[in-house]
Amino acid sequence: MFHKGAENGERQREKGENKKRKMEKRRLRGVGRSTAMLLACALLAGCGQGEGNPAGDLQELDPAILEASRETGGPDGQEGPGTGHNGGTQTGATPAGNGGTGNTGDVAGGDSQGYPKGDRIEEQSFEVDLRPLGKVTFASYEPDPSGNPLADVVFQMEREGQVLLQLPGTEEGNVAMELFHQVEAVSFLDYNNDGYDDIIVILSYYFGAGPQAATSHSRVRYYKGSAEGSFVYEKEASEAASGALAEITVETAKGFIGVKTEDTPAEWTGTRDLQTAVGSLEPWQQAYLDYLDGESRVESQKGYTLICLSDTEIPQLVEVGDSEANGCRIVAYGEGRVHVTQLDRLHFHYIPDSNLLCNSDGLMDYYYDNVYRLENGELKTVASGHYGKLDDGPMEFDQNGEPVYQYEWNGTRVDKEAYAQALAQVYDTTQAVDYDYGSLYTVDEVKRVIRDYRKEPGA
């Protein structure tokens, strides 16, 4: 049962759930001149707001900046040991000493052991009565970007100006993998019925890199309360819910772990067993994640991206090699498993939602167009053409000094015009698009994109 309080005994402090997303509130307070210039150039475009983009024309972060930011976090919070559901690691609350870097609620004297923080987010800070802490202030703080542009939001419990504890961040040193956008909602409840209050937080972030760099997306965090008054971040359940829910709100986050709400159907058979919840990814998502963990040669890849060859909800994973010799590999899901196709060199294009891909590349007077069709997760060769200097002997040149190439389609010698016609019959190059070689994901980024993936209309 939920503990006593208003509205069926569940005490919630939810604000902003149905608000429009705010303008980007990241401040450069306290950032040195060079850092501020770097962030401004990397994150913001000065041409006004893009349609549907609450932060305006947010530009892609330089991958080098992202990587350096992740490797050099600010002061680390202390992490408590513990084992999560399904063998996952949980992170305990971070004790905070007197003092701190925030603008409110700080007490002089002593050095803070907590995460650095910026301005307090008043609309997401609440006076609450939690078991077993009693009456406290749940305070939300903007990230402090002075030490790292990817610093994350900070949550802490306060009482009469004293900091009782900080909630653990999701990554070491509270340095996020993505750029923080805003806190969308907070809910306080006993979601596991152990007699101690837990917390659900809904936040949003920008990808910061890749094709969706300027797109904000929501994530959920589950914090489990304890008899000692500390909170544990339930990493695996949080990541599973963030990846599985099409719409992330407090209500859907509750439903994911089996908490009944007013909108829950009478026949609902949900569970509060977070180990079960962790297994809620689609089979293709889990298959891609397993592939990345076990089979992908990460050290040989420049990066990763996703493409949409078919009109289904399942994208294809692309491994882009770090050299022409390594080439690209297309990883597709079908019939319950992944299928891997090695392409020659790095260039290919495809026709979205058509199941067609063409590996077109070459060098030193030898070029090719290999056309593939996606069938049940496998790329099967449809046709193959080659052109260039296909014969032995000296190269011939026309009157303009251009080399005279020979053409071959499906093993038969043809002229240039016939080659073009044969290619057009199986593959309409006017409808083809290239993958974005300049905006690739790291392996950790593509894992997050796979978990969060929702195919956009027309994608």
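Helices H6 and H8 are roughly antiparallel to each other, because they pack at an angle of about 170° (over 145 degrees counts as roughly antiparallel). This is a predicted model, in which local features need pLDDT of at least 70 and side-chain atom pairs count only at pLDDT 80 or more, while totals for chains, interfaces and linings use all residues. Residues are numbered from 1 along each chain as its sequence is written, and side-chain values use heavy atoms, with hydrogens and water left out.

**Helix packing**
- H6 covers residues 283–294 and H8 covers residues 443–452, with their axes 9 Å apart (axes are lines fitted to C-alpha atoms over the stretch in contact, and angles run from 0 to 180 degrees between N-to-C directions; helices are DSSP runs of H or I with at least four residues, strands are E runs of at least two, both numbered from the N terminus).
- From H6, Trp284, Gln285, Tyr288, Leu289, Leu292 and Asp293 meet Val443, Val446, Lys447, Ile450 and Arg451 of H8 (contact means heavy atoms within 4.5 Å).
- This H6–H8 contact has seven nonpolar, one polar and three charged residues (Ala, Val, Leu, Ile, Met, Phe, Trp, Tyr, Cys and Pro count as nonpolar, Asp, Glu, Lys and Arg as charged, the others, Gly among them, as polar).

**Salt bridges**
- There are 12 salt bridges in the structure (a side-chain nitrogen of Lys or Arg within 4 Å of a carboxyl oxygen of Asp or Glu).
- In the salt bridge between Glu171 and Arg448, the closest N and O atoms are 2.6 Å apart.
- That pair links distant parts of the chain, 277 residues apart: Glu171 is in the loop between strands E4 (162–166) and E5 (179–189), and Arg448 is in helix H8.

**Largest cavity**
- Arg448 is also among the residues nearest the centre of the largest cavity, together with Thr170, Tyr205, Arg219 and Tyr233; 15 residues line this cavity.
- By class, the lining has five nonpolar, two polar and eight charged residues.
- Strand E7 (216–225) and helix H3 (235–244) each supply at least two lining residues.

**Backbone features**
- The Arg131–Pro132 peptide bond is cis, with omega near 5°, and Pro132 lies in the loop between strands E1 (126–130) and E2 (134–141).
- Asp353, a residue other than glycine, has a positive phi near 60°, and is in the loop between strands E13 (349–351) and E14 (356–363).

Definitions and conventions. On a 1 Å grid over the protein atoms alone, a cavity is a set of points where a 1.4 Å probe fits but cannot get out, and a pocket is an open set with protein on both sides within 12 Å along at least five of seven lines; lining residues have an atom within 4 Å of a point. Angles under 35 degrees count as roughly parallel, over 145 as roughly antiparallel, 65 to 115 as roughly perpendicular and the rest as oblique.
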